[in-house]
Amino acid sequence: MHSRWLALAALTFATSVTLAHGPTRQKVVEKVTIDAPADQVWAQIKDFDALAKWHPAVKASPADKGNAEGSVRTLELEGGGSLVESLEKYNDAGKTYSYRGKDGGALPVTNYTSNITVSSADDASKSVVQWRGAFYRGFPNNDPPPDQNDEAALKAVTDVYQAGLANLKKLIEKK
């Protein structure tokens, strides 16, 4: 009888631990192939403060220290709202930079990190831009509201990346 109670207690504890887990890290990776050499594409996006020049949702994107690691940019969005991001790593020769978003802001995410990279495609006259991010949903506890759950976070970041990459392709290919 005693072993039954122990088994039941163990099962109850295991079930409650399983149900009590918090959010899981989400990831988004978007890519676009652009009919232009990597150097030309990188020239358009390489400056940390250049996001407003190619992303349709960003009205302004000033960065306090340019491309220096630790630079902070404040994104002013077209529809209102803002985001604050800090440059973590910058590699001009590798055509890549990584940044971290501050929690809160216009996206329903927390602990947001992102990286954008430009590389040559198999055909050197074309390039591939990869934008990837990792983050947690905006609501850190169980039972998040619909606008701050995993699905909302994934959709928001995916939409941002897709809109930006599509507009970048359009801007560069019409030159």
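In which strand does S86 lie? In this predicted model, S86 belongs to strand β4, which spans residues 82–91. S86 is buried, because its relative accessible area is 10% and the cut-off for burial is under 20%. Beyond its neighbours within four places in sequence, S86 is in contact with F48, S71, V72, S98, Y99, R100 and K102. One of these residues, V72, falls in strand β3, residues 72–77. S98, Y99 and R100 fall in strand β5, residues 96–101.

Strand β4 is part of an open sheet of 7 strands. The order across the sheet is β1-β7-β6-β5-β4-β3-β2. Pairing is antiparallel. The edges are formed by β1 (26–34) and β2 (58–60). Each edge strand has a single partner, so one of its sides is left without a neighbour in the sheet. From one strand to the next, the twist averages 30°.

Helix α2, residues 38–45, packs on it. This helix touches β1, β4, β5, β6 (109–120) and β7 (127–137). The direction of α2 makes about 145° with that of β6. Helix α4, residues 150–173, lies across β1, β6 and β7. The angle between α4 and β1 is about 15°.

How values were computed: Residues numbered from 1 in each chain as written. Predicted model: local features only at pLDDT ≥ 70, side-chain atom pairs only at ≥ 80, totals over all residues. Heavy atoms only, no water. Helix = DSSP H or I, 4+ residues; strand = E, 2+ residues; numbered from the N terminus. Buried < 20%, exposed > 50% of the residue type's maximum accessible area, 1.4 Å probe, protein only. Contact = heavy atoms within 4.5 Å. Pairing = 2+ DSSP bridges. Axes fitted to C-alpha atoms, helices over the stretch in contact; angles between N-to-C directions.
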